Amino acid sequence: MRTLQEIAAGVQDGSLDPVELVEEALARAAAAAELNAVVHLDADGARKTAATHDRSGPLAGVPVLVKEIIEVEGLPYRCGSASMNGIGEQDAEIVRRLRAAGAIVIGLSHTHEFAYGCTGTSNRVGPCRNPHDPTRMTGGSSSGSAAAVAAGIVPLAIGTDTAGSVRIPAALCGVVGFKPTYNTLPADRVFPLSQSLDHVGLLTPTAADAAYALHALTTAATGPTHPGPPRLGIVTNPEYLQLSPAVSSAWTAAVDAFDAIEVQLPDWQHSFTTAANLQGPEAVANHSARSHDLYQPDVQQRLREASLVQPAQYERAKNDAVRIIAQLDEVFQQVDAVLTPTVLTIAPPITAADTADGGLEVRKQLLNNTRLANLTRHAAVSLPIPADGLPVGLQIIARSNEQAAAVACWIEAQR
């Protein structure tokens, strides 16, 4: 499998043809159509771009998918919802950066409706399916982005992450999900869920690819920030370690290989509630002028629950977030990164979301470990780790993108 850098270098030196790269990606998308990872293929547009490509840019010729809540000029803008039937009026800034770097957008990837869910099961075209077992969830909300990378359709896909929506599907599908620090990748013309917590992120096969893509889209340094092995902290808060047997086995084997110290993250319950009380009112406001009649039932339910958050709770959450950020920054005085399991369980069956409460227990398991990094706006990466059976993810939380990339690449290189 070629890396992103190898693809770009091959296009630049003429050994790879952008037209062939696009045709191969389109063929792979067609072969994996049953996964529902791709909700719209822009075959004509991708072929035209490839045929006239100038063979320049750090992502030259790289086929890419964009999560369907991100506006792309001329492509459907539906956010996975039957309530929307728009066409993108102009490229979001992240799409503009992709094109400027030489990437070729081949289409749109599946999202949990309006990115308001972590299972990847609610969308106008049905659930997204896990490439490792199509009866299982991909996780969400960047469901199609993770599934498409895992299935080999594209080597790079763009997602968004408000409470874990890049990292959760990355963990369940066995790929890398990189949520950089807040506003590293701009969120303009991305349908908002919660402006305080929304991040644009990347899904790739490897940490090295994620670091390379982030550099290409930001020109930020992503190389090692220190010589030698990083200083790693292992989470000890019990809430982060209520693992299923399969995840527990993979997690234990992974961290036993590291020379790390134990660290305590900010109080889990307080952090989780603070993030929820920020997200809820902002989500309600973002949907207040819209009819919810055609929304998926679970998304309607989420909005009803969010409407119960009181203004005083929202204001308190803004103040509490500042204190929680400071607490986590204190942890980073001791270590370069904190490791946690990304998700408490392996990919659940798709049918586990079909409950009267919208799969509440499953959602708790999926969201449990990822919300903190959105609240604190630090960088966080999910890496696949060796596991028997379905994929398992290890989460890296670090102060900066550079530190997160360096640690992720170091861990990846140890295998």
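In this structure, strand β2 (residues 63–67) runs alongside strand β5 (residues 104–109), and the two pair in the parallel sense over 5 bridges, where pairing requires that DSSP finds at least two bridges between two strands. The model is predicted, so local features need pLDDT of at least 70 and side-chain atom pairs count only at pLDDT 80 or more, while totals for chains, interfaces and linings use all residues. Residues are numbered from 1 along each chain as its sequence is written, and side-chain values use heavy atoms, with hydrogens and water left out.

Since 5 of the 5 residues of β2 are buried, the strand is largely enclosed by the rest of the structure; buried means under 20% relative accessible area, exposed over 50%, and partly exposed in between, with a 1.4 Å probe and protein chains only. Pro63, Leu65 and Lys67 point one way from β2, whereas Val64 and Val66 point the other way, and all are buried.

**Enclosed and open spaces**

A search of the whole structure finds 2 cavities of 30 Å³ or more. On a 1 Å grid over the protein atoms alone, a cavity is a set of points where a 1.4 Å probe fits but cannot get out, a pocket is an open set with protein on both sides within 12 Å along at least five of seven lines, and lining residues have an atom within 4 Å of a point. Grid points are joined across faces, edges and corners, and a volume is the space filled by probe spheres set on the points. The table sets out the volumes and the make-up of the linings, in which Ala, Val, Leu, Ile, Met, Phe, Trp, Tyr, Cys and Pro count as nonpolar, Asp, Glu, Lys and Arg as charged, and the others, Gly among them, as polar.

| Space | Volume | Residues in the lining, by class |
|---|---|---|
| Largest cavity | about 70 Å³ | 8 nonpolar, 3 polar, 2 charged |
| Second largest cavity | about 30 Å³ | 4 nonpolar, 2 polar, 1 charged |
| Largest pocket | about 650 Å³ | 13 nonpolar, 10 polar, 5 charged |

The largest cavity has a volume of about 70 Å³, and of the 13 residues that line it, Ile69, Thr160, Thr162, Val190 and Asp198 are the closest to its centre.

Helix α9 gives the most, with 3 residues.

Helix α9 also provides the largest share of the lining of the largest pocket, namely 7 residues. That pocket is lined by 28 residues, of which Phe272, Ala276, Gln279, Arg363 and Arg371 lie nearest its centre, and the elements giving two or more residues to the lining are α9, α10 (297–306) and α12 (360–367).

**Arginine 167**

Arginine 167 belongs to helix α6 (residues 167–173) and is buried, with a relative accessible area of 0%. Its side chain is joined to that of aspartate 161 by a polar contact of 2.9 Å, a polar contact being a pair of N or O atoms within 3.5 Å in which, within protein, one must be able to donate a hydrogen and the other to accept it, and residues adjacent in sequence count only if both atoms are side-chain atoms. Leaving aside neighbours within four places in sequence, the residues in contact with arginine 167 (heavy atoms within 4.5 Å) include Asp161, Lys179, Thr370, Ala373, Asn374 and Gln395.

**Backbone details in the loops**

The peptide bond from glycine 140 to serine 141 is cis, with omega near 10°, and serine 141 lies in the loop between β7 (133–137) and α5 (143–150). Phenylalanine 114, in the loop between β5 and β6 (129–130), has a phi near 55°, a positive value in a residue other than glycine, and counts as buried at 0% relative accessibility. Arginine 377, in the loop between α13 and β14 (379–385), has a positive phi near 70° and is partly exposed, with a relative accessible area of 33%.

Key: Helices (H or I, at least four residues) and strands (E, at least two) are DSSP runs, numbered from the N terminus.
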